[in-house]
Amino acid sequence: MPTETFEFQVEARQLLQLMIHSVYSNKDVFLRELVSNASDALDKLRLAALRDDVTDVDVTDLHIELEADKEARTLTVRDNGIGMSYDEVTHLIGTIANSGTAKFLQELREAEDAAGADGLIGQFGVGFYSGFMVADEVTLVTRRAGEAKGTRWTSRGEGTYTLETVDEAPQGTSVTLHLKPADSENQLHDYTSTWKIKEIVKRYSDFITWPIRLLPEPGEDGAEAREAETLNSMKALWARPRDEVSDDEYHELYKHIAHDWREPLETIRLQAEGTFEYQALLFVPSHAPHDLFTQGYQRGVQLYVKRVFIMDDCEELLPPYLRFVKGVVDAQDLSLNVSREILQQDRHIRMIQRRLTKKVLATIKDLRSSAPDRYTTFWREFGAVLKEGLVTDSENRDAILAAASFATTHDADEPTTLQGYVERMKDGQSDIYFMTGESRQAIEDSPHMEAFRAKGVEVLLLTDAVDEVWVDAVAEFEGKRLRSVAKGEVDLGGDEDEKSDAEKTQQSEEYAGLLGWMTEHLGEDVKEVRLSSRLTVSPACVVSDANELTPALENMYRAMGQ
Ligand code: ADP
Ligand code: MG
């Protein structure tokens, strides 16, 4: 097949332009991106071999190799991993379908200005393309395990790339960067320098479980005789004693796993010993991904068995309402051949899930007192997801309630805990009042709120869609019923009770005519028209029966087509 030239997709071109003209100072990250891809490719090949998906492939020395050539000004990152077919190169490299890049562009659009864009490069893994920050030409040669021919991709990053089929290619992938002219003012950016390469690998990729070897520079004295040097310690962070691992190291692992370049909000470790041994290293991100509420959202916890990567988004390890948690679980006693079907049945996996869930919830609760700022961030980003658990996980309902926050009429800025609400309850108040609605403003404007405001009774203001659902699932908190201010009769005590029966009867008689007239005219639209003590300013309001759908929930179900 001859060499063919293709145009990049519009979005890919935009991204490349950003890379090429980047003034982002931390260009070193390109290497962690390429190493990270190589590591993923090795994981995939080992797994494929374990499952006999590929045969006739030598997997005895899987590794990553770095080779620098000062004369030619090239740096090559090579792996003998799974490789890519011609079609895969077209899809994976020619487009920007991959997760990290899609996220990046999404935020880029939201940032909408160049200044914002530049900061973003630092926060995101923009993967393969980041090579163009340091190179004016990139060549990728790859051969998929089990295939006879290879593929060569090359681009100068300027709108087009070429593709050709090659007869001879080692299995795996090599990426060669032709480096831009050395920055004479700043020797720090010479990526052919041995110490520079060592420094970057040590900083960003030390925990990679495959050996990262640096080949001796050709032409150096006795280079031929020397062996490649392994640069990383290859120690799985989750298996190392806690006091041996720095926060930075944990954070680098998070970035590698989550394809996120911001620091995580919280790191959670768990070591279980005994009959069923496992280690877990979990991270709470600092930002909700934009696709958290969409169907295909990939959960982030990876499953390892005895240090061997098994799968990426292992759904069985955490319940859906903790789907934002990223990390690694390494179990000692599972089979390497474990499948999704087996996992779903596995008693041990269920035990792990229960334990991890409790640990995550306890960590969030503790965060509120130990790091209030981070808790606030957490709740803003993930509160709505967590509340799904109030509906689906009755076992942990109390723990979720204890970790939750609610907007309240008590304070315009500070949300409250249910505990806080209960402590402020008025003498004689027996229920916890809430109202659901589209926004704080909409709720506060509601006539239902008038009596509560007038009497100074605190009301929780619930504005997430999920609030409509969980309030039905959670009947009470510490023996106090949860009650909607918009449903049924609300007895706030006070004036009304002080009215004598005689007064009430008189009032009813006085208004009997009006109520009758209204009932007749509203006809089918209402069930009943009655006098109320709940209003102070508005003349009338619509109230549901205590066990009917609230108007907002009716809207939600209607939107869902039910
Ligand atoms: P991401 O790693 O976030 O998916 P990248 O831009 O780094 O995004 O890579 C895009 C895709 O290209 C990868 O998901 C992978 O499928 C493929 N790829 C990149 N590098 C390699 C490699 N060394 N070996 C095999 N596949 C690779
Ligand atoms: Mg990548």
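Student: Which residue in β13 is the bridge partner of Tyr 304?

Tutor: Strands here are DSSP runs of E, at least two residues, and helices are runs of H or I, at least four, numbered from the N terminus. Two strands pair if DSSP finds at least two bridges between them. In this predicted model, the partner of Tyr 304 is Phe 309. Strand β12 (residues 300-305) pairs with β13 over three bridges, in the antiparallel sense. Residues are numbered from 1 along each chain as its sequence is written, chains are lettered from A and ligands numbered from 1 in the order written. Local features need pLDDT of at least 70, side-chain atom pairs count only at 80 or more, and totals for chains, interfaces and linings use all residues.

Student: What is the strand order of the open sheet?

Tutor: Read across it: β10-β11-β14-β12-β13, five strands with mixed pairing. β10 (266-272) and β13 (308-311) each have a single partner strand, so one side of each lacks a neighbour in the sheet.

Student: Which residues does Val 329 touch, apart from sequence neighbours within four places?

Tutor: Contact means C-beta atoms, placed from the backbone, within 7 Å. For Val 329, the partners include Tyr 278, Val 301, Tyr 304 and Ile 352.

How values were computed: Two residues are in contact if their C-beta atoms, placed from the backbone, lie within 7 Å.
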